[in-house]
Amino acid sequence: MKYAARRIVMLLVTMVIVSLLAFAAFDLISGSPAEIMLGTQATPERVAELEAQLGLDRPFPVRYAAWLAGFFTGDLGTSYSYSQPVWELVAPKVGVTLCLSLLSFALIAVVSIPLGLWASRRSGGPLDAAGTVIDQFLMAVPPFFTGILLSWVFSITLHWFVHGQFPDLAAEPAGALQYLFFAAVAIAIPRIAMTVRMLRSTIQGEMRKDYVRTAISRGNDRAGVLRHHVLRNALVPVVTFLAQTMAEIVAAGVVVEQVFAIPGLGRLLVASISNRDYPVVQAIVVILAFWVVLAGAAADIANQRIDPRLRLGGAS
Amino acid sequence: MKKKLLALLLLTGLLSAALTGCGGGSEEQASGDGQTADGSAGARAQTNEIVVGIAQDLDESLDPHLAVAAGTKEVMFNVFEGLVKPTPDGDLIPAVADHYEISEDQTTYTFTLREGVTFHNGDPVEMQDVVYSIERCADDSEGTPLIPALSAISSINSDAATLTITLDQPDSEFLSYLTLAILPEDYPDQATAPVGTGPFRFVSRTAQDSIVLERFDDYWGTPAQLDKVTFRIIENADSLVMSLQSGAIDMFAHLTTTQASQLGDDFQILEGTMNLVQALYLNNTAEPFNNEKVRQALCCAVDKQQIIDLAFDGYGSPIGSSMYPAFQKYFVEDLTDYYSYDPERARELLAEAGYPDGFSMTITVPSNYQPHIDTATVLVEQLRAVGITAEIQLVDWGAWVSDVYTNRQFQSTVIGVDASNMTARALLERFTSTADDNFINYQNADYDALFQQAQATADDAEQTELYKQMERNLTEHAANVYIQDLADLVALRSGLDGYQFYPIYVMDLSTVHYTA
């Protein structure tokens, strides 16, 4: 219980730090929201007037404190660009981005763990060499390129989905998930390649350890040792790695949402940054940070299940 | 623990089976109904609606008096109307007004309201709405009015049916400002749920996704042919081409030539003009462009036709001053070739200006406009040929508006300048010494005097001639290196027709229709 409480406090602290960094970053880059809103009609007087209206003429700490106070009372503010409450803009997109991230994560876990196990058995030999080359290649393919390729093959050529026509997630969940699946593949491919390589080297390293030799000398067969002893030890760093992958999935999602024209948080984030729409950017950054930190916490809990030694370490 | 691990592996297997099953199922679906081959384009023809792709969201106030982005005005043109409205030919015809009279001295404008015009919310358009709309744009209590030219109004008189506007001084262009949208008075949600009198009514906006318009059935004039138009935001260039090919969208304006060539027989490509003055805009107070000879040297060093050929596959109209060809009345053709491409002459001019070995310069370009980036890329090579080392600095749109446009902290930039309404003034006033939007810091006493004279005269022919002299002034003093009016390529799915180009930056969908 004490542990859970400490986790929650950590989560809040992380989110506050992230939001402060995002807030500060905007203070450093050029371009004020008022100038952008006025566009080519911007004159120094109009800019000053609008800045006063938006409260941007106040000093940085005051503005941040006001935002933080609003955040903890559930008021995310009003979007400068859309003159709509931020929550209204962001809420329908949270589900889409969440589905995309989870789908990508599931793909990575589902494909890379069996593949990594398989790869670890065959070290040496031409097949292994070929596998390593392919793995290296897939690791280097950027998701936006895979995204274009996948769309070309599965939408334009095979008509498995209609590129550019994302079905409504609530009204047509099956169609939307099918659409998201292809985007998730684009995100997952390089991470799968990384996870496979990681798992392969961890298992091979583990197999060389003394306890494995002991277990085999006691008459166990290799496969049994792998299943009963090695896998559990090898999984700990992999689970930690997968949790870190969540941050990369979220980052890659921003690009892939654009390539697939998916109305998710990523596109809104990019547009809001270039519009200097601070309230929207702050809200999205905090949501994404929350999501990534949550994945880290989940990995810790999973690891403690896998390895009791970590559980003791966590409680002390 | 062993069991849990097994369960985990089982779950993994199940998930993968489910996902593969998902893919397989969709294959059957595709072969099952032929619809999927063209997306739902066929279904949309049945329901008489289309989806139009746009590259940028309407992410600002939708209040037409406050919206600033060209992309917003372009789409919302379908929703709003003024007392008069523009036609594809560049004329102004009565809209909310039934007819109008202009006094001979061009100081008194009398409008008679059209009967039976209603707003999209069902309320009839009353004189108080018209007066409110005009006064809102003319209000100068907070400095410059929303439409600066309306400060010429000395009085507005009205009864239930007629409106009389009196001006301080004659202004032959005044009518074009009355294209300003007529909005209902006391309607608070104009910024998010706008209400106007146009052929389409606003239905919804989903941020970074779509804008939906529907035909306004109580429209006073020729009704729109389509029942519904959805504007879908697709900012990625590759995604856009695939969305056209997959059948997700039916129309897209402002295609690049590369994109247009990727589309097959399913589309017709219409060619019009963007109605922009694309130029290498020079900060006339920044070294070395404060020297007229240097600016002229640049004009001689740049081969417009080569830019159009290399970066735009030959589509585009070369220009020589701040006026584009669609403005036939004001366009001065011989200015286009005032500086012929002559690298030798450019070197001589540079030597005369004190730069025999050239110099280094920075071209600031907004990164969201590929045509301007492509133009700058060719410019760099052309300038290198005369000894000038130019470097492209890409900035995001926000930084461009702030640094270049508002604070004028730049050396040169490639951008397209548009006209906010169909007047020469809209393009030329900005280069007068004291104009707020004179972002190139052009200072020329003759130019300012010509502008004053043009505003003072009531004679249309004389005014036109003065505007032409202003254009000549900009060319002779090489205010900027003028390049072209970009070609506007519009992709329209086969089976659709009726799209019309305007001499201003708008996208009129009221005439688009299915042919079958």
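Trainee: How many helices and strands are there in chain A?
Mentor: Helices and strands are DSSP runs, numbered from the N terminus; a helix is H or I with at least four residues, a strand is E with at least two. Chain A has 13 helices and 0 strands. From the N terminus on, its elements run α-α-α-α-α-α-α-α-α-α-α-α-α.

Trainee: What should I know about the model and its numbering?
Mentor: This is a predicted model, where local features need pLDDT of at least 70, side-chain atom pairs count only at pLDDT 80 or more, and totals for chains, interfaces and linings use all residues. Residues are numbered from 1 along each chain as its sequence is written, while chains are lettered from A and ligands numbered from 1 in the order in which they are written.

Trainee: What does the C-alpha trace of chain A span, and what percentage of its residues count as buried?
Mentor: Along its principal axes the trace spans about 85 × 55 × 35 Å. For burial, count C-beta atoms, placed from the backbone: a residue is buried if 20 or more others lie within 10 Å of its own, exposed if 12 or fewer, and partly exposed in between. Of the 316 residues of chain A, 41% count as buried.

Trainee: And chain B: how many helices and strands?
Mentor: Chain B comes to 15 helices and 21 strands. Its radius of gyration is 26 Å, close to the 24 Å that the globule rule gives for 516 residues, so chain B is as compact as a globular protein of that length. The radius is taken over C-alpha atoms, and the rule is 2.2 Å times the number of residues to the power 0.38. The C-alpha atoms of chain B fill a box of roughly 85 × 70 × 50 Å along the principal axes. Buried residues make up 46% of chain B.

Trainee: How many residues of chain A are in contact with chain B?
Mentor: Two residues are in contact if their C-beta atoms, placed from the backbone, lie within 7 Å. By that test, 50 residues of chain A are in contact with 52 residues of chain B. Elements giving two or more residues to this side of chain A include helix 5 (86-121), helix 8 (173-207) and helix 10 (222-259) of chain A. By class, the side has 24 nonpolar, 20 polar and 6 charged residues. Ala, Val, Leu, Ile, Met, Phe, Trp, Tyr, Cys and Pro count as nonpolar; Asp, Glu, Lys and Arg as charged; the others, Gly among them, as polar.

Trainee: At what angle do helix 7 and helix 10 of chain A pack?
Mentor: Axes are lines fitted to C-alpha atoms, for helices over the stretch in contact, and angles run from 0 to 180 degrees between N-to-C directions. Helix 7 and helix 10 of chain A pack at about 30°, with their axes 9 Å apart. That makes helix 7 of chain A roughly parallel to helix 10 of chain A. Angles under 35 degrees count as roughly parallel, over 145 as roughly antiparallel, 65 to 115 as roughly perpendicular and the rest as oblique. Helix 7 gives Pro143(A), Phe144(A), Gly147(A) and Ile148(A) to the contact, and helix 10 gives Ala252(A), Val255(A), Val256(A) and Val259(A). By class, this contact has 7 nonpolar, 1 polar and no charged residues.

Trainee: What is the angle between helix 14 and helix 15 of chain B?
Mentor: Helix 14 (residues 445-456) and helix 15 (residues 460-476) of chain B pack at about 165°, with their axes 9 Å apart. That makes helix 14 of chain B roughly antiparallel to helix 15 of chain B. Residues of this contact include Tyr447(B) and Phe451(B) of helix 14, and Leu466(B) and Met470(B) of helix 15. They divide into 7 nonpolar, 4 polar and 1 charged.

Trainee: Why is helix 6 of chain B largely enclosed?
Mentor: In helix 6 (residues 237-246) of chain B, 8 of the 10 residues are buried, so it is largely enclosed by the rest of the structure. Among the buried ones are Leu240(B), Met242(B) and Gln245(B). Just after this helix, Gly247(B) takes a positive phi of about 95°.

Trainee: Which residue other than glycine has a positive phi near 55°, and is it buried or partly exposed?
Mentor: Gln106(B) has that phi, near 55°. Gln106(B) is partly exposed, with 19 other C-beta atoms within 10 Å. Asn275(B) also has a positive phi, near 60°. With 24 C-beta neighbours inside 10 Å, Asn275(B) counts as buried.

Trainee: Where is Pro288(B), and which peptide bond there is cis?
Mentor: Pro288(B) lies in the loop between strand 13 (276-282) and helix 8 (292-301) of chain B. The bond from Glu287(B) to Pro288(B) is cis, with omega near -10°.
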